[in-house]
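Please keep the sequence and the structure in view while reading.

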Amino acid sequence: MSITKLPLMQKHYKFMARAFMLAEQAFENDEIPVGAIVVYKDQIIGKGFNQVEMLNDPTAHAEMLAISAACETMSEKYLSDCTLYVTLEPCAMCAGAAIWSKLGTIVFGAQDARSGGCGSVFNIASNKKLNHRIDLIQGVMESESEFLLKEFFKQKR
């Protein structure tokens, strides 16, 4: 990694750490531990953690809640200059919502080999057939995110 990219990576780790705290909150609420935040000009404008069980809503993923909160904060349906930080690669539904909201960048921790929508299973975020593409950065706090997910499912078994 070049020395010029170091401050940017530090910023990514700082915001991913905030998303990770939300994932821990999901874990404590017996939800799949995923946390997400949306950042605009270095300010958090939306946040969420998985609440599927709590709300009995299959769309209550961390990303969906964070995107909705960000749109409400901005009074805008498009988040072009925003970055979504999420501890797990967004699924197809969440990647679709990111496309529709025209997010600029998605930074995620762990890959989702079962339903990832940003390269693992599907590549919705970078699909050239869609009217918008999102820059992707993966692997930020990957091991911590994977560990939390494994601990959650270990307790479920």
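By class, 7 nonpolar and 2 polar residues make up the lining of the largest cavity, with no charged residues. Here Ala, Val, Leu, Ile, Met, Phe, Trp, Tyr, Cys and Pro count as nonpolar, Asp, Glu, Lys and Arg as charged, and the others, Gly among them, as polar. The model is predicted: local features need pLDDT of at least 70 and side-chain atom pairs count only at pLDDT 80 or more, while totals for chains, interfaces and linings use all residues. Residues are numbered from 1 along each chain as its sequence is written, and side-chain values use heavy atoms, leaving out hydrogens and water.

The structure holds 1 cavity of 30 Å³ or more. On a 1 Å grid over the protein atoms alone, a cavity is a set of points where a 1.4 Å probe fits but cannot get out, whereas a pocket is an open set with protein on both sides within 12 Å along at least five of seven lines; lining residues have an atom within 4 Å of a point. Grid points are joined across faces, edges and corners, and a volume is the space filled by probe spheres set on the points.

The residues that line the largest cavity are Phe20, Ala23, Pro33, Val34, Thr87, Leu88, Ser145, Leu148 and Leu149. Two or more of the lining residues come from each of helix H1 (6-28), strand E3 (82-88) and H5; H5 gives the most, with 3 residues. Helices (H or I, at least four residues) and strands (E, at least two) are DSSP runs, numbered from the N terminus.

The largest pocket contains about 630 Å³ of space. It is lined by 25 residues, of which Ile32, Leu88, Asp112, Leu149 and Phe153 are the closest to its centre. Its lining has 11 nonpolar, 4 polar and 10 charged residues. H5 gives the most to this lining, with 5 residues.

Beyond its neighbours within four places in sequence, Ala70 is in contact (heavy atoms within 4.5 Å) with Val38, Ile45, Gly46 and Leu79. Ile45 is 25 residues from Ala70 in sequence, yet their C-alpha atoms are 5.0 Å apart.

His61 sits in the loop between helix H2 (52-55) and H3. Leaving out residues up to four places away in sequence, His61 touches Asn50, Val52, Cys91, Met93 and Cys94.
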